[in-house]
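Have a look at the structure first.

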Amino acid sequence: MENNVVTDGQKQTSPSSSYEAAMEKISSLITRQRRGEKPPISNKLEKMSLYLQILGLEEDISKLNIIHVAGTKGKGSTCIFCESILRECGFRTGVFTSPHLIDVRERFRIDGMDISEDKFLQYFWDCWNQLEENTTEEISMPPLFLFLTLLAFKIFVSEQVDATIIEVGLGGKKDSTNVIKEPTVCGITSLGMDHTEILGDTLGQIASHKAGIFKPKVPAFTVPQPSEAMDVILERAKELMIPLEVTEPFDCKQIKGLKLGLSGDHQFYNAALAVSLCRCWLQRTGNWEKKYQNHFQDSNLPDEFMRGLSTAHFSGRAQIVYASAPNPSCSEIVSKNCGELIFYLDGAHSPESMEACAKWFSNAVVENAEESSENGHELHKGNTLGQFEKSFKRILLFNCLDVRNPDILLPRLVNTCASSGIHFSRALFVPNMSKYSKVLSGSSVISSDLHGIDLSWQFNLQRTWEKIMHGKETTVPIEKDFKIDSKQILPPPEFLYDNASSGGHSHNCRAPPSAVIPSLPLAIKWLQDCVKEYPSTRLQVLVTGSLHLVGDVLKLLKR
Ligand SMILES: Nc1ncnc2c1ncn2[C@@H]1O[C@H](COP(=O)(O)OP(=O)(O)OP(=O)(O)O)[C@@H](O)[C@H]1O
Ligand SMILES: [Mg+2]
Ligand SMILES: [Mg+2]
């Protein structure tokens with residue numbers, strides 16, 4: 001074995017250096033395939049079976065009591081609600097989700113916590129070494145996602161969890177997680193248009209991939225879907241002769257006004273689906289009768305379920321971070337000599353999720369204004385709530401992958417916000433920091449090197465933005481060679497505050513100005529400097545378009 005840092009799963013140097021070594025190994029599994037292209041191996045599931053044999057896991061997987069979740073949007077959230085409910089019911093849980101935001105260990109949760117670095121390393125090297133020793137000409141090391149899926153099985157089997165919750169990576173039928181032969185129950189979350197280049201560009205085709213996780217004799221659940229998708233799902237369930245239940249989203253009454261741990265109205269769908277999945281899981285594992293036989297009526301959820309729903313936590317999905325309050329955990333206190341800077345983070349990146357995100361943001365910023373006014377800020381100066389509300393500036397910080405279509409995403413976002421009366425004063429376009437060519441640890445160094453950085457995609461986003469705002473093509477310069485060392489690398493703070501240069505809140509007269517900022521750390525630092533310079537203002541910054549962008553911002557704010 002070439003690795004001289006760790007042998008036989010035993011750490012011999014400091015944990016962090018061996019962790020970095022593991023990240024190097026994992027990164028070497030990233031296939032040089034561009035995102036959006038068809039995956040290079042066609043017989044993926046056969047290979048998965050072989051890898052499972054090598055790791056000696058095939059039999060054990062059948063004992064994992066798996067909830068398998070596919071869907072376009074809300075897979076991760078649904079898995080996290082399931083985890084939270086089953087933990088409250090007293091079970092030891094293992095959850096595999098994707099992608100991760102900051103550290104790859106987020107993908108593997110045991111009992112509600114990311115796996116520890118020590119345990120991760122132990123299982124990682126076990127798997128790595130066993131696979132490496134057994135690769136042949138026909139079967140080489142697995143690509144990244146296959147490896148992570150195998151590692152998840154290895155971890156959950158070894159940790160002897162009671163309930164395993166597995167999120168599909170992409171699609172369903174051909175996904176590496178579909179090596180699961182006998183899940184306890186399957187779920188399909190909300191379907192929409194994403195990954196069309198791989199799954200097909202109709203809802204029916206997409207639904208057919210997702211319903212590919214259904215298995216004979218295994219009950220399935222979904223949420224209301226557009227009929228084109230629902231027809232395909234129903235048809236598949238009929239073929240397999242399995243029961244398929246459509247779970248309606250919660251209304252507030254049903255959960256007695258309970259505040260869900262994950263925000264946004266779209267979470268009512270995910271939460272309701274999770275409840276159905278958990279109830280079925282409890283029934284099929286023989287735990288339902290034991291626990292609830294005499295105490296539970298259909299109209300009321302058991303207390304454990306209610307607690308699970310309200311305590312679920314998942315970063316980067318409708319998450320609010322107060323970045324300039326003196327005590328980050330104390331959101332109400334706004335520093336006297338520093339304005340207010342609040343980040344609203346949501347990793348939406350499909351048209352439907354843009355809309356979900358926009359609705360959540362619009363409600364959340366108004367709630368924040370109301371809370372602040374209740375806390376006595378400004379109102380005592382005789383301002384009405386309406387006027388007070390106007391002291392907030394809404395800023396969009398956006399990026400998306402170039403396989404996505406900003407001509408669809410950005411209008412969906414802007415129009416949904418506008419229909420709730422929320423308008424952006426400014427938009428900033430930035431490149432992500434994380435590289436798709438490398439899996440990083442949470443403590444990896446953030447590069448500040450701007451040389452050779454290609455911002456053409458960000459200028460393209462900016463042009464799209466200006467087009468939406470003006471309703472026609474505008475003259476945003478196409479700056480091919482962005483002059484990194486010129487003074488104009490960042491706009492002056494007045495860019496944010498100078499109402500004369502924009503419509504400000506009179507959004508319908510002129511387009512809000514926008515800017516491309518060449519790096520995310522610079523953008524964040526710049527926003528922080530702006531609120532210091534103008535202590536009376538409040539910036540509400542929506543970060544969206546990419547979960548990677550959201551992860552990068554969280555990483556910067558944590559430091
Ligand atoms: N039911 C839903 N309907 C529409 N949008 C949703 C729904 N659930 C979540 N979203 C949006 O999708 C984003 C990602 O949520 P989540 O991680 O739960 O989904 P996912 O299916 O795992 O996504 P990914 O494709 O990134 O793996 C959220 O931040 C939110 O904007
Ligand atoms: Mg996805
Ligand atoms: Mg996910």
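A metal donor here is an N, O or S atom within 2.8 Å of the metal (3.2 Å for Na, K and Ca), and water is not among the atoms, so sites may look incomplete. This is a predicted model, where local features need pLDDT of at least 70, side-chain atom pairs count only at pLDDT 80 or more, and totals for chains, interfaces and linings use all residues. Side-chain values use heavy atoms, with hydrogens and water left out, residues are numbered from 1 along each chain as its sequence is written, and chains are lettered from A and ligands numbered from 1 in the order in which they are written.

The magnesium ion (ligand 3) sits 5.9 Å from the magnesium ion (ligand 2). Ser98 (O) and Glu167 (OE) coordinate ligand 3 at 2.1 to 2.2 Å. Serine 98 is in the loop between strand E4 (93-96) and strand E5 (108-110), while glutamate 167 belongs to strand E7 (residues 163-167), so the pair ties together parts 69 residues apart in sequence. Strands (E, at least two residues) and helices (H or I, at least four) are DSSP runs numbered from the N terminus. Both serine 98 and glutamate 167 are buried, meaning under 20% relative accessible area with a 1.4 Å probe, protein chains only.

Ligand 1 has 21 residues around it, and Lys75, Gly76, Ser77, Arg317 and Asp346 come nearest; "around" takes a heavy atom within 4 Å. The table gives some polar contacts, pairs of N or O atoms within 3.5 Å.

| Residue | Polar atom | Distance to an oxygen atom of ligand 1 |
|---|---|---|
| Lysine 73 | side-chain | 3.2 Å |
| Glycine 74 | backbone | 3.0 Å |
| Serine 98 | backbone | 3.2 Å |

**A six-stranded sheet**

Six strands form an open sheet with mixed pairing, in the order E11-E12-E16-E13-E14-E15; pairing takes at least two DSSP bridges. Strands E11 (319-322) and E15 (514-516) stand at the edges with a single partner strand each, so one side of each has no neighbour in the sheet. From one strand to the next, the twist averages 20°. Strands E13 (residues 392-398) and E16 (residues 538-544) run parallel over seven bridges, with isoleucine 395 opposite valine 541 in E16.

Helix H18 (residues 520-533) packs on this sheet, touching E12 (340-345), E13, E14 and E16, at about 145° to E12. Angles run from 0 to 180 degrees between N-to-C directions, with axes fitted to C-alpha atoms, for helices over the stretch in contact.

**Whole chain**

The protein chain holds 19 helices and 16 strands, and 55% of its 559 residues are buried.

How values were computed: Contact means heavy atoms within 4.5 Å. Buried means under 20% relative accessible area, exposed over 50%, partly exposed in between (1.4 Å probe, protein chains only). A polar contact is a pair of N or O atoms within 3.5 Å; within protein, one must be able to donate a hydrogen and the other to accept it, and residues adjacent in sequence count only if both atoms are side-chain atoms.
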